[in-house]
Amino acid sequence: MDALPKIRTLAVMTAGGDAPGMNPCIRAVVRTALHYEMKVLGVMGGFDGLIRGNFIPLGARDVGGILQRGGTILQTARSKTFLEPAAQQEALRQLNAAGVDALVIIGGGGSQRGALALHQRGVPVVGVPASIDNDIYGTDICIGVDTALNTIVDAIDKLRDTASSHNRAFLVETMGHESGYLALQAGIISGAELVLIPEIETSVEAVAQAIQDAYRRGKTHAIIVAAEGARPSVTELASQIDEMEVGFTMRVTILGHIQRGGKPSAFDRLLASRLGTKAVEFLHQGRSGVMVGLSGREVVAVDLAEVAARKRDLPLEYYQMAITLAR
Ligand code: F6P
């Protein structure tokens, strides 16, 4: 049997929107690679940095003290340039010039498509899913989702305090890109009256009705959680719902980028450590062109082509659960 081609130099990068847990994942990749006697390079600034050949050496001490830090020490960017074949060819040239034998890419759906593009150009690559949106096919959960949910729930708990004191309804917008995952989970665990998600159409009247029902049931507040991709938007709702009719005065809170920051939760640190370790182990075993993901309790490998081609379904039974539990 042929011996596996040995990886002497491994590169690791983060791309797309940052997610809490990227740092523990970088740490796991670097230290596992060192365990297998690989030299490690970090790519600074995502795919744009790769095109520029912006590599830094990474040793065990360089990733010390980052387990608990949000963001990414390698920095990240949303690269439009990398969509162009010429830019991908240049990235390949930079990888070869730096002597990189394999690459780990930590990021969201766009980053996994970027990983596939490099794989198709012959680079041994493994993707790691990291995005608070949880919209990537092939994994039950992405790095960053748990921390973001904790941030959202903490914020809504605080909003409920002030909402109750003032007899108000709060329209709270979460992130999520085109997915309702964050909003739906957050709605259930924060006791929202109604959740608005892009996957299910809702009318202004239905939202007004939910707020009015809460008022009539004697609640001192109402919380509506809306995903950023849902329509009508929270601002449209606030301008169209008649406060006199629904009983509560209303306020809008857009949670925004605080959802992407903060120290990673225990769950995210463990997930990031497991996925980062496995990504390097796969490469060490000669396996590439895959994304590592969590399926049940197991870390699995999913072909990058499948990840890129398929859409992650939202478990819609949670939608009814959110409504039932809001009584
Ligand atoms: O993909 C993660 C995400 O936070 C989305 O939820 C949101 O739509 C987007 O990134 C915001 O992107 P940016 O940081 O470029 O404003």
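**Overall dimensions, sheet and helix packing**

For 327 residues, a compact globule would have a radius of gyration near 20 Å, and the protein chain has 22 Å, which agrees. The model is predicted. Along its principal axes, the C-alpha trace of the protein chain spans about 75 × 35 × 35 Å. Of the 327 residues, 54% count as buried, where buried means under 20% relative accessible area. Among the contacts in the protein chain with a separation of 6 or more, 76% come from residues 24 or more positions apart.

The secondary structure of the protein chain consists of 12 helices and 11 strands. An open sheet is formed by 7 strands, in the order S3-S2-S1-S4-S5-S10-S11, and its pairing is mixed. The edges are taken by strand S3 (55–57) and strand S11 (298–303); each has a single partner strand, so one side of each is left without a neighbour in the sheet. From one strand to the next, the twist averages 30°. Strands of a sheet pair through backbone hydrogen bonds, either parallel or antiparallel. Within this sheet, strand S4 (residues 102–107) and strand S5 (residues 125–129) run parallel and are joined by 5 bridges. Ile-106 has Val-128 in S5 as its bridge partner.

Helix H4 (residues 109–120) lies across strand S1 (9–15), S4, S5 and strand S10 (290–295), and it runs at about 165° to S4. Helix H10 lies across S1, S4, S5, S10 and S11, running at about 140° to S10.

Two packed helices are described by the angle between their axes and the distance between the axes. The axes of helix H1 (residues 22–35) and helix H10 (residues 266–284) come within 7 Å and cross at roughly 35°. This crossing of H1 and H10 is right-handed. On the H1 side, the contact is made by Pro-24, Cys-25, Ala-28, Val-29, Thr-32 and Ala-33. H10 contributes Arg-269, Ala-272, Ser-273, Gly-276, Thr-277, Val-280 and Glu-281. By residue type, the contact of H1 with H10 divides into 7 nonpolar, 4 polar and 2 charged residues.

Terms used. Residues are numbered from 1 along each chain as its sequence is written. This is a predicted model: local features need pLDDT of at least 70, side-chain atom pairs count only at pLDDT 80 or more; totals for chains, interfaces and linings use all residues. Side-chain values use heavy atoms; hydrogens and water are left out. Axes are lines fitted to C-alpha atoms, for helices over the stretch in contact, and angles run from 0 to 180 degrees between N-to-C directions. Helices (H or I, at least four residues) and strands (E, at least two) are DSSP runs, numbered from the N terminus. A crossing is left-handed if the near helix is turned anticlockwise from the far one by less than a right angle, and right-handed if clockwise. Contact means heavy atoms within 4.5 Å. Ala, Val, Leu, Ile, Met, Phe, Trp, Tyr, Cys and Pro count as nonpolar, Asp, Glu, Lys and Arg as charged, and the others, Gly among them, as polar. Two strands pair if DSSP finds at least two bridges between them. The radius of gyration is taken over C-alpha atoms; the globule rule is 2.2 Å times the number of residues to the power 0.38. Buried means under 20% relative accessible area, exposed over 50%, partly exposed in between (1.4 Å probe, protein chains only).
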